[in-house]
Structures are given as structure tokens and as C-alpha cells.
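The following note sets out numbered points on the structure shown below.

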Amino acid sequence: MASAAVLKALDELRSGRFVLVYDADGREEETDMVVASESVTSDIIRVMRKDAGGLICTTADVRVQEALGLPFLSELFLGMAEHYPVMQKLTPNDIPYDVKSAFGITINHRRTFTGITDDDRALTISEFAGLAKRALTSEDGWAKNEFGKNFRAPGHVHLLNTSKRILETRFGHTELATALVIMAGMVPSATVCEMMGDDGKALTKDKASEYARAHGYVFLEGADIVAAWKELKGR
């Protein structure tokens, strides 16, 4: 059985609430606020912006990536190298805590204005989650057309692409958060934001845990999620 904390976290996500996730000692050593993308509202964005303070990003598992044709940003940059040779030099091959960046493209929904307001980002994320859900059962090509019709790039919502086999080769917040919403039976997209401290550094694990207790949020370590995910995949 998954730990009681993981089971509680899945219930919280289904209820539209935050879960706090610390990746691991020796990795980024950061805690992200995590919520299911289908639950994102303007109030959710406001809390992330004020209480977390990092970069608000939205994940996409490999099924969504394939249905919508989502590239990794590093792949796009390498494809530009013939015309912009500097992009070859900027290849992210020295990330100290990982082998590959999860960053994908940035998007705005076409009904947004600037794209950065709480309302605009909430609209972009919730509409992306809705399209992702429909894309998983749509005919080939439909979702790509809908994506282009309803969204524009670049924008103010950063997409993060999971690795092909979640929590097998990469153990970042992109995979950890997406595994949680999948285990919760929700659209395979989570919205995450790193928690920053007033000292200009990432909020420490102890302080993030204190914040979770003060607000009644579940606090998880990456290892708890990995164990639950392996159990699920092993069934």
C-alpha cells in the first residue's frame, strides 16, 4: 500500500488543494507547491505567486506531448543552430542535478490579453488541461489543430515535458507532480511552483514543512512518490 501521506495527497489533489513536494537531498533540494492543472483558478495562481514565488509551470506527460506535438525547448534550440550558431553553444549539457531539462514551449490562450495576470494564466492552464483531457481520446491530428487554434506561443505559461518513462530515468518535480495527478486519476498535467525564501534562496525543507503544517497541506518527499508509483506500475 502507498503511504498514508501519499493517499492523503491524492485526496487533496482531487479536492483542488495544494500538495507540497520536496524532490530529494542532493538533487535540487527544493520544495514545489503542486496542484492538478484541471483545478487551477485565479486564486491558485495568486497563492503560488505570493507564497511560493518561483516559476509557475505546467507539466505534460508523454501521452499529451504526443497528442499535441509538444517539443522540448532544448530540441528547438538545437534545430536553430544552422541559422543561429550560438544556440549550439548554449546546449544545456552541464545541469548539475540532472541529465536533461524538462522545459518545453511557453504558451498563452488566445483569449488572454497580456497573458501574465492571475486570470490570464489560470485561463491558459485550465484550458490546456481541458484540451489535454480531450486529446487523450481524440482522433489523430484533431488535438494539434485545436491546440493551434486556441493557443499561441510564446506565452507566459511554461510547459514542462515529462520523461518518456516517468520516474525511471528522471526524478524531478515534473515527473513527481505528474505521477501524483495520474495516481489520483486526474488529467496527466500538474501545475507547480518552487518555494523561495526571503534570503533569496530556495525555501529550506524544514521551513517548507512548517508552511505545510501551518496551512494544512500534505508535505511529501520524492521518495514517497517514487515508492507509490513503482507499486502502481508493478500491479
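**Notes on the predicted model**

1. V6 is in contact with L220, D224, I225 and A228, leaving aside its neighbours within four places in sequence; contact means heavy atoms within 4.5 Å. V6 has its place in helix α1. Helices (H or I, at least four residues) and strands (E, at least two) are DSSP runs, numbered from the N terminus. With a relative accessibility of 0%, V6 counts as buried; the cut-offs are under 20% relative accessible area for buried, over 50% for exposed, and partly exposed in between (1.4 Å probe, protein chains only). V6 and D119 are 113 residues apart along the chain, and their C-alpha atoms are separated by 30 Å.

2. On the basis of these values: this is a predicted model, in which local features need pLDDT of at least 70 and side-chain atom pairs count only at pLDDT 80 or more, while totals for chains, interfaces and linings use all residues. Residues are numbered from 1 along each chain as its sequence is written, and side-chain values use heavy atoms, with hydrogens and water left out.

3. E12 is also found in helix α1, which spans residues 4–14. This glutamate is buried, at a relative accessible area of 9%. Not counting residues up to four places away in sequence, E12 touches R17, F18, V19, G216 and V218. Between E12 and R134 there are 122 residues of separation in sequence and 23 Å in space, C-alpha to C-alpha.

4. The largest nonpolar core has 38 residues. Such a core is a set of buried Ala, Val, Leu, Ile, Met, Phe, Trp, Tyr and Cys residues joined through side-chain atoms within 4.5 Å. The residues with the most contacts inside the largest core are M33, L68, L70, F128 and F147. Helix α6 supplies the largest share of this core, six residues. A second, separate core has 30 residues, including A2, V6, V19 and V218.

5. How do helices α6 and α7 cross, and at what angle? The axes of α6 (residues 118–135) and α7 (residues 142–150) come within 10 Å and cross at roughly 165 degrees. Axes are lines fitted to C-alpha atoms, for helices over the stretch in contact, and angles run from 0 to 180 degrees between N-to-C directions. The two helices are therefore roughly antiparallel to each other; angles under 35 degrees count as roughly parallel, over 145 as roughly antiparallel, 65 to 115 as roughly perpendicular and the rest as oblique. The crossing of α6 past α7 is right-handed: a crossing is right-handed if the near helix is turned clockwise from the far one by less than a right angle, and left-handed if anticlockwise. On the α6 side the contact is made by F128, L131, R134 and A135, and on the α7 side by W142, A143, E146 and F147. These residues divide into six nonpolar, no polar and two charged. Ala, Val, Leu, Ile, Met, Phe, Trp, Tyr, Cys and Pro count as nonpolar, Asp, Glu, Lys and Arg as charged, and the others, Gly among them, as polar.

6. Helix α6 also meets helix α2 (residues 42–52): their axes come within 8 Å and cross at roughly 115 degrees. Helices α2 and α6 are therefore roughly perpendicular to each other. Helix α2 passes α6 in a right-handed crossing. The contact involves S42, I45, R46 and R49 of α2, together with D118, D119, R121, A122 and I125 of α6. By class, this contact has three nonpolar, one polar and five charged residues.

7. Helix α8 (residues 173–183) is mostly covered, with ten of its eleven residues buried. Among the buried residues are H173, E175, L180 and M183.

8. Several backbone details deserve a check against the displayed model. The peptide bond from A153 to P154 is cis, with omega near 5 degrees, and P154 lies in strand β5 (residues 151–161). E29 is not a glycine, yet has a positive phi of about 60 degrees. E29 lies in the loop between β1 (19–22) and β2 (31–36) and, at 39% relative accessibility, counts as partly exposed. L167, again not a glycine, has a positive phi of about 60 degrees. L167 is found in the loop between β5 and α8 and is buried, with a relative accessible area of 3%.
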